[in-house]
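Me: I would like a close look at one part of this chain, followed by its surroundings. Please keep the account plain.

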Amino acid sequence: MAIRTDQLLRSAWTADQVELPPHTLRWLRQETGLTDAWTPTKPLTAPPSELPDKAREVLTGIVGAEHVLTDEASRLGRTGGLSYLDLLAHKGVGEISVPDAVVLPADPSEVAAVVQACAELGLTIVPFGGGTSVVGGVQAANRAIVLDLARLDRLVLVDEVSRLAVFQAGVRAPDAEKALAEYGLTLGHVPQSFERATIGGFAATRSAGQASSGYGRFEDMVEGIRVATPRGELRFGVAPASAAGPDLRHLVIGSEGAFGVITEVTVRVRPLPKVRRYEGFVVDGWERGAEIVRRLAQDRVLADVTRLSDVDETRVSFALAGGLKAAGLRAYLRARGIRRPCMLIVGWEAQDQRELATRRAATISRLRGAVRLGRVLGEAWRHGRFNGPRQRDALMNVGVCVETLETATHWSQLDELYDKVRLALTDSLGRAIVMCHISHAYETGASLYFTVITPRSVDDPAGQWLRAKAAACEAISGLGTISHHHAVGVDHAPYLTAEIGDLGTEVLAAVKNTLDPAGILNPGKLIAP
Ligand SMILES: Cc1cc2nc3c(=O)[nH]c(=O)nc-3n(C[C@H](O)[C@H](O)[C@H](O)COP(=O)(O)OP(=O)(O)OC[C@H]3O[C@@H](n4cnc5c(N)ncnc54)[C@H](O)[C@@H]3O)c2cc1C
């Protein structure tokens, strides 16, 4: 099997060298004090593989010699995920552990055999989907082997009557959508990592896509799931709803490879939309914007995509759009009485114009006081919706520390959480741009997604972000969730008990102990050591 090149690009999102436009670089220097001085980088190298001969022999017997890879490129290609710290580590800054081998099983039965064999051999396994984790979820502690699900790439079946599809876990989101489109169907799960992430990864992390208001979070889409554990196979989901005890699907959805390896997922699918419309509005101030989004959620008229940027994120978006355009827009908005512009993107997807018009009218009637900037802004957002990681590459290339973090809470606590996280980040980082948006709203609350941009520390680039992230996590603890959709991984594991309590942590540990008594599955993720 050809190794996909993007798995080798762990220090960047794309192979192309991306550069910031000159006006953006100038603006960034003014705003953040960015200079040309930053820690030099060098490519990461791998130590020799220490995969024991016996283990190689057993694994080769299951998947074939060509699917047990110990060469440097294959192992570096599955070293870590895509957090800022992982990307830095690939530039030779900070610490990261390189796996001893990459194993590529072909189907659920080979996955089960690999898991059993590793349990007997005492070999640690890191399940690896698209490798887009931003919380240390695919870090290979203890010189583990990476179990790459890339060959589980089939659409197993489509039940058009029930609107269900069964995918193998390694199917990437664009391939899933392409396969479903042939049946006139869609999953509608569009996270920013869409181009690379997999069906199994979405289930393992309780992912949420940009259109979650319309299509739901990924866990809402999972009807059934198949998981290989060292103790045998788990299979859940025989009916759309059940009163047969607790819903055990949710023991494995979000289990981040710590309880078992997801091999197949049955997902709810919907008809492909025939019409779509995305529009941009501007509201005056974050508090007013959040109130509008709350009304939309509580009146149940949210657009499929509903995304509110705070003043700083809006300012940055306008600045990046370029000098004259941005100045003209600001003047226009001032004339319309908007002093603290906050951008609101709304997008609807429907089967026909009539459905779209009805839903649009219901949403728009609640946007009192908002200034409509029209479809150009909405469409620009839609077309650029996957650009974030490319922009991050360009920023990192000029010595910027750029990272995101996310949380969620109830409406009554949203402002407090917003203020506390912002304060924690700015206190820790000093001169930094800290911006935020709401992109997932519920009747009872919403997510907050923060992006940070600051000059990378010359002396201690990793420590700079570790300290800021710790400060933000402390601010979140007790007020919101430690993760709305990025999952727990290694980074959030120390904060999980504060959220679910000692007994909750004990329950998770008991489940882990039952399914994985030798503790070989993704150690250190989800449950802190
Ligand atoms: C630029 C960027 C943007 C992002 N945007 C979003 C977003 O909008 N919404 C969102 O929800 N997330 C987002 N993420 C986070 C990430 O993409 C999601 O967590 C995604 O669900 C991970 O899928 P993956 O296939 O890449 O999984 P991986 O990164 O490979 O793995 C994630 C975790 O799941 C485990 N795992 C993977 N596959 C399996 C399996 N088959 N069985 C058991 N365990 C498994 C891994 O061991 C790991 O702990 C973003 C990440 C990046 C880098």
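Is Gly 224 buried or exposed, or something in between, and why? Please go on from there to the strands and domains around it.

Reply: The model is a predicted one. Gly 224 is partly exposed, because 16 other C-beta atoms lie within 10 Å; a buried residue would need 20 or more, and an exposed one 12 or fewer.

Gly 224 belongs to strand 8, which covers residues 222-229. Leaving aside residues up to four places away in sequence, Gly 224 touches Phe 236, Gly 237 and Thr 266. A C-alpha separation of 8.3 Å lies between Gly 224 and Glu 264, which are 40 residues apart along the chain.

Thr 266 leads on to the strand pairing. Thr 266 is in strand 10 and stands opposite Val 166. Strand 10 (residues 261-268) pairs with strand 6 through 5 bridges, in the antiparallel sense. Strand 6 (residues 164-168) is also joined to strand 5 (residues 155-159) by 4 bridges, and strands 5 and 6 run antiparallel. In that pair, Ala 165 of strand 6 has Val 158 opposite. The hairpin of strand 5 and strand 6 has 4 residues between the strands, and Arg 163 takes a positive phi near 55° there.

In an unreviewed entry, UniProt places the feature "domain: FAD-binding PCMH-type" at residues 95-272. The end C-alpha atoms of that span lie 44 Å apart, and the span is 24% helix and 26% strand.

The domain division of the chain has other bounds, listed here:

- domain 1: 1-38 + 386-485
- domain 2: 39-148
- domain 3: 155-271
- domain 4: 275-384

Elsewhere in the chain, domain 1 and domain 4 are in contact, with 18 residues from domain 1 and 21 residues from domain 4 taking part. Taken over C-alpha atoms, the centres of domain 1 and domain 4 are separated by 22 Å. On the side of domain 1 that touches domain 4, the elements giving two or more residues are helix 1 (22-32), helix 17 (411-429) and strand 17 (433-438). Strand 17 gives the most to that side, with 6 residues. The residues of this side of domain 1 comprise 11 nonpolar, 5 polar and 2 charged.

Note on methods. Residues are numbered from 1 along each chain as its sequence is written. This is a predicted model: local features need pLDDT of at least 70, side-chain atom pairs count only at pLDDT 80 or more; totals for chains, interfaces and linings use all residues. Two residues are in contact if their C-beta atoms, placed from the backbone, lie within 7 Å. UniProt positions are given in the numbering used here, feature names are shortened, and annotations may be inferred rather than shown by experiment. Domain bounds come from an automatic or database domain assignment. Ala, Val, Leu, Ile, Met, Phe, Trp, Tyr, Cys and Pro count as nonpolar, Asp, Glu, Lys and Arg as charged, and the others, Gly among them, as polar. Two strands pair if DSSP finds at least two bridges between them.
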